[in-house]
Amino acid sequence: MSTKFFLQLGAILGALGVAIGAFGAHALRPTLEASGRMDTFETAVKYQFYHALALILISVLLQNTAVTSAKWYHWAGYSFLGGVIVFSGSLYTICFTGIKAFGAVAPIGGTLMIVGWVLLFLGATKQ
């Protein structure tokens, strides 16, 4: 179940990254540039994409891994997902609402992303 789940999540996050990125680059560009948030928006999209690919990697690893590594990869996948939701989500919220307080939440998402990469490393060492 997790293999399919992470593959589907990676595909959905990738598709959303293209859609949101295109929407921002075209329809929202004047608004984002006027508010000085274009860089923030691009950062949110970029990190969403990186971690969509990471989720696809997790799916592939789970198909071809020993049981001892699988738990690490599962936790890495959930950390990546949480990181995208919190990090990219808080940056998108800042861009769309202008509420800068959401910037305080972004480091939590970034930390989840880092934890995901560390868990991926630990899983690789257990194989």
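## Terms and model

A residue is called buried when its relative accessible area is under 20%, exposed when over 50%, and partly exposed in between, using a 1.4 Å probe and protein chains only. The model is predicted, so local features need pLDDT of at least 70 and side-chain atom pairs count only at pLDDT 80 or more, while totals for chains, interfaces and linings use all residues. Residues are numbered from 1 along each chain as its sequence is written, and side-chain values use heavy atoms, leaving out hydrogens and water.

## Ile 114

Let's start with Ile 114, which sits in helix 5, residues 106–126 (helices are DSSP runs of H or I with at least four residues, numbered from the N terminus). Ile 114 counts as exposed because its relative accessibility is 56%. Its C-alpha lies 8.3 Å from that of Phe 80, a residue 34 positions away in sequence.

## Helix 3 beside helix 5

Helix 3 (residues 38–63) and helix 5 have axes that come within 12 Å and cross at roughly 25° (axes are lines fitted to C-alpha atoms over the stretch in contact, with angles from 0 to 180 degrees between N-to-C directions). The two helices are therefore roughly parallel, a label for angles under 35 degrees.

On the helix 3 side, the contact (heavy atoms within 4.5 Å) is made by Tyr 47, His 51, Ala 54, Leu 57, Ile 58 and Leu 61; helix 5 brings Met 113, Trp 117 and Leu 120.

## Record spans

An unreviewed UniProt entry lists residues 48–66, 78–99 and 105–124 as "transmembrane region"; such annotations may be inferred rather than shown by experiment. In the model, residues 48–66 are 84% helix and 0% strand, with end C-alpha atoms 28 Å apart.

Note on methods: Angles under 35 degrees count as roughly parallel, over 145 as roughly antiparallel, 65 to 115 as roughly perpendicular and the rest as oblique.
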